[in-house]
Structures are given as structure tokens and as C-alpha cells.
Amino acid sequence: MAAGDAVLWALGRNWNMVDAAVAGLDAATLARQPAPECNSIAWILWHMNRVVDTFINQRLQGLPPFWTSQGWNERFGMAENVRGMGWSPEELANWSAPDMDVLLGYQEAVRQAAREYINSLTYEDMEREVTFPPEAETRDHTLNTALGQLVWDNVAHGGQIAYLRGLFQGMGWHR
């Protein structure tokens with residue numbers, strides 16, 4: 001058993017659920033907000049992958065995020081430093097989701113980077129101390145704890161996507 005197996009198992013299960021939930025959705029359903037202060041499926045999918053990109057590439061490896069280094073921000077038509085925190089209802093309503101191929105292209109790039117990084121970790125790596133933002137909560141964690149936080153965040157957003165899919169089109173996606 002490799003050091004990151006449990007993390008990859010949890011992320012993989014969540015990613016499979018998200019893939020099933022978004023499969024076959026049209027652009028209108030992806031962009032639909034259930035209420036003015038709620039995020040759309042497309043927005044949550046973007047944000048979820050942006051968080052993984054930030055965690056894996058920037059925070060844990062000290063690399064530029066794919067968001068800017070691979071030009072995904074340009075394909076999304078968004079600023080370099082945006083991650084989706086603290087948006088107003090007006091900003092949410094005015095956000096235009098990119099085509100599904102852009103959403104899924106960014107997702108695949110980020111997932112592949114996460115798999116490669118987590119697969120490379122040793123048990124010793126998992127006990128290494130890392131300083132972890134957000135700035136208001138910066139403190140030292142083990143890498144293992146930081147990856148646990150990543151899984152928690154990813155599963156929370158995956159559940160939101162699956163719930164909205166069920167709300168809009170029924171729960172047939174999980175069969």
C-alpha cells in the first residue's frame with residue numbers, strides 16, 4: 001500500500017460521482033443557479049478544480065498553478081488570481097460558464113497532476129510539516145492533514161454538484 005492510496009481512493013470515488021453527475025448535462029443546466037445566492041454546477045465544478053490546482057501545484061509543491069501556467073484562466077476568460085471565494089450574488093449571476101470541453105479539460109489536467117503528485121508521496125513525506133493558508137488561518141499541518149483538508153473540500157463540492165444534478169434532472173445519475 002502506498003502512502004497516498006487512501007487519499008486517491010477518496011478523491012477517485014468523488015471524481016467518479018462528479019463525472020456521472022455532469023454527464024449529458026446541457027449548457028443551460030450546467031449554468032442554472034437554483035437561487036440567486038447559489039452557485040451553478042459549472043461554477044462549482046470550476047471552483048472545485050481550481051482548489052485542487054491551488055492545493056497540489058501551488059501550496060504543496062510550490063509551483064505555479066495550472067490556472068495561469070497553462071493559460072486556463074484565459075480559456076475561462078477570468079483573472080489570474082480568482083479562486084471563487086466571497087463572490088456576491090451579482091458576480092455569480094454575471095459569470096459565464098465556458099464550454100464543457102474547457103471545464104473538463106481543466107479538470108483532467110488538475111486531476112492528472114494530483115494523481116501524479118499523490119502517487120509520488122512516501123510515508124515520510126506525509127509527516128512533513130507544511131504551512132497552509134488561507135492567510136487568516138495560516139498554521140503548520142502535516143502534509144497528511146493538508147491532503148485530508150483537500151479531500152474534505154473536494155467531497156463537499158462533489159456532493160453539491162450531485163445534489164444540483166438530482167434537483168434539476170432527477171437522481172438517475174447514481175445508478
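A charge sits over a ring if NZ of Lys or CZ of Arg is within 6 Å of the ring centre and within 35 degrees of the ring normal. Keep that handy for the first exercise.

A word on the model: it is predicted, so local features need pLDDT of at least 70, side-chain atom pairs count only at pLDDT 80 or more, and totals for chains, interfaces and linings use all residues. Residues are numbered from 1 along each chain as its sequence is written, and side-chain values use heavy atoms, with hydrogens and water left out.

**Exercise 1. Find the ring under the charged end of Arg59, then do likewise for Arg75.**

Step 1: start at Arg59, whose charged end sits over the ring of Phe55, 5.3 Å from the ring's centre.
Step 2: go to Arg75, where the charged end sits over the ring of Trp72 at 3.8 Å from the centre.

**Exercise 2. Classify the ring pair Trp43 and Trp46, then the pair Trp67 and Phe76.**

Step 1: Rings of Phe, Tyr and Trp (its six-membered ring) pair if their centres lie within 6.5 Å; planes under 30 degrees apart count as stacked, over 60 as edge-to-face and the rest as tilted.
Step 2: a search of the whole structure turns up nine aromatic pairs. For Trp43 and Trp46, the ring centres are 5.5 Å apart and the planes are at 70°, so this pair is edge-to-face.
Step 3: check where those two sit. They are three residues apart in helix H3 (residues 41–59), so about one helical turn separates Trp43 and Trp46. Helices here (H or I, at least four residues) and strands (E, at least two) are DSSP runs, numbered from the N terminus.
Step 4: Trp43 and Trp46 are both buried; buried means under 20% relative accessible area, exposed over 50%, partly exposed in between (1.4 Å probe, protein chains only).
Step 5: now Trp67 and Phe76, a tilted pair with 5.1 Å centre to centre and 55° between the planes. Trp67 has 0% relative accessibility, so Trp67 counts as buried. Phe76 is at 6%, so Phe76 counts as buried.
Step 6: zoom out. One aromatic cluster takes in Trp43, Trp46, Trp67, Trp72, Phe76, Trp87, Trp95 and Tyr106.

**Exercise 3. Work out how helix H1 (residues 5–22) runs against helix H7 (residues 100–119).**

Step 1: look at the axes, which are lines fitted to C-alpha atoms, for helices over the stretch in contact, with angles from 0 to 180 degrees between N-to-C directions. The H1 and H7 axes come within 11 Å and cross at roughly 170°.
Step 2: that makes H1 roughly antiparallel to H7 (under 35 degrees is roughly parallel, over 145 roughly antiparallel, 65 to 115 roughly perpendicular and the rest oblique).
Step 3: pick out the touching residues, with contact meaning heavy atoms within 4.5 Å. On the H1 side they include Leu11, Trp15 and Asp19, and on the H7 side they include Gln107, Arg111 and Ile118.
Step 4: sort this contact's residues and you get nine nonpolar, two polar and three charged (Ala, Val, Leu, Ile, Met, Phe, Trp, Tyr, Cys and Pro are nonpolar, Asp, Glu, Lys and Arg charged, and the others, Gly among them, polar).
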